Amino acid sequence: GAGKPWNPWNFRNSRVGELPQVLEAFEQAEREPKPPPHLLFSDVYLEMPPRLRRQQEELERHLETYGEHYPLQQFQK
């Protein structure tokens, strides 16, 4: 009912009427451009640890090689 916190375990029973609104919110969010992939790395630490820098470099090389297999057009530049 109204005023109760959302509980994933009883969502189906108590919030079925809101499901279309939830699905529409997901669809709307999915239409928005995704943040650029580099923010996975640069938006976490003030100073990036070496292991994270290596992972970022690996991702960049991977996307250079296999980028056509990913929906990169859905991401901000």
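**Figure 1. Glu24 and its salt-bridge partner in the predicted model.** Glu24 is partly exposed, with a relative accessible area of 37%. The model shown here is predicted. The side chain of Glu24 meets that of Arg31 in a salt bridge, at 3.3 Å from N to O. Arg31 is exposed, at a relative accessible area of 55%. That value is over the 50% cut-off, so Arg31 counts as exposed. Glu24 falls between the limits of 20% and 50%, so it counts as partly exposed. The structure holds 1 salt bridge.

**Figure 2. The largest pocket and its lining.** About 180 Å³ of space lies in this pocket. Pro36, Pro37, His38 and Phe41 are among the lining residues. Gln56, Leu59, Glu60 and Leu63 also line the pocket. So do Leu72, Phe75, Gln76 and Lys77. By class, the lining divides into 7 nonpolar, 3 polar and 2 charged residues. Helix H4, residues 50–66, gives the largest share of the lining, with 4 residues. Rolling a probe the size of a water molecule over the atoms shows where empty space is left.

**Figure 3. Gln56, a buried residue of helix H4.** Gln56 is found in helix H4 and is one of the residues lining the largest pocket. Its relative accessible area is 13%. Buried means under 20%, so Gln56 counts as buried. Which residues does Gln56 contact, leaving aside its neighbours within four places in sequence? They are His38, Phe41 and Met48.

Figure 4. Tyr45 sits in the loop between helix H3, residues 39–42, and H4. Is Tyr45 buried or partly exposed? Tyr45 is partly exposed, with a relative accessible area of 38%. Leaving aside neighbours within four places in sequence, Tyr45 is in contact with Arg51 and Leu52.

**Figure 5. Glu57 and His38.** Glu57 is found in helix H4. At 37% relative accessibility, Glu57 counts as partly exposed. Glu57 and His38 are 19 residues apart along the chain. Their C-alpha atoms are separated by 9.9 Å.

**Figure 6. The chain as a whole, for orientation.** The protein chain has 4 helices and 0 strands. From the N terminus on, its elements run α-α-α-α. Of the 77 residues in the chain, 12% are buried; Gln56 is a buried residue. Take the contacts between residues at least 6 apart in sequence: 36% of them join residues at least 24 apart. The accessible surface of the chain comes to about 7,000 Å². Carbon and sulfur atoms account for 56% of that surface.

Notes
Residues numbered from 1 in each chain as written. Predicted model: local features only at pLDDT ≥ 70, side-chain atom pairs only at ≥ 80, totals over all residues. Heavy atoms only, no water. 1 Å grid on protein atoms, 1.4 Å probe; cavity = no way out; pocket = protein on both sides within 12 Å on 5 of 7 lines; lining within 4 Å. Points joined across faces, edges and corners; volume = space filled by probe spheres on them. Helix = DSSP H or I, 4+ residues; strand = E, 2+ residues; numbered from the N terminus. Nonpolar A, V, L, I, M, F, W, Y, C, P; charged D, E, K, R; others polar. Buried < 20%, exposed > 50% of the residue type's maximum accessible area, 1.4 Å probe, protein only. Contact = heavy atoms within 4.5 Å. Areas by Shrake-Rupley, 256 points an atom, 1.4 Å probe, with all protein chains shown as cover. Salt bridge = Lys/Arg side-chain N within 4 Å of Asp/Glu carboxyl O.
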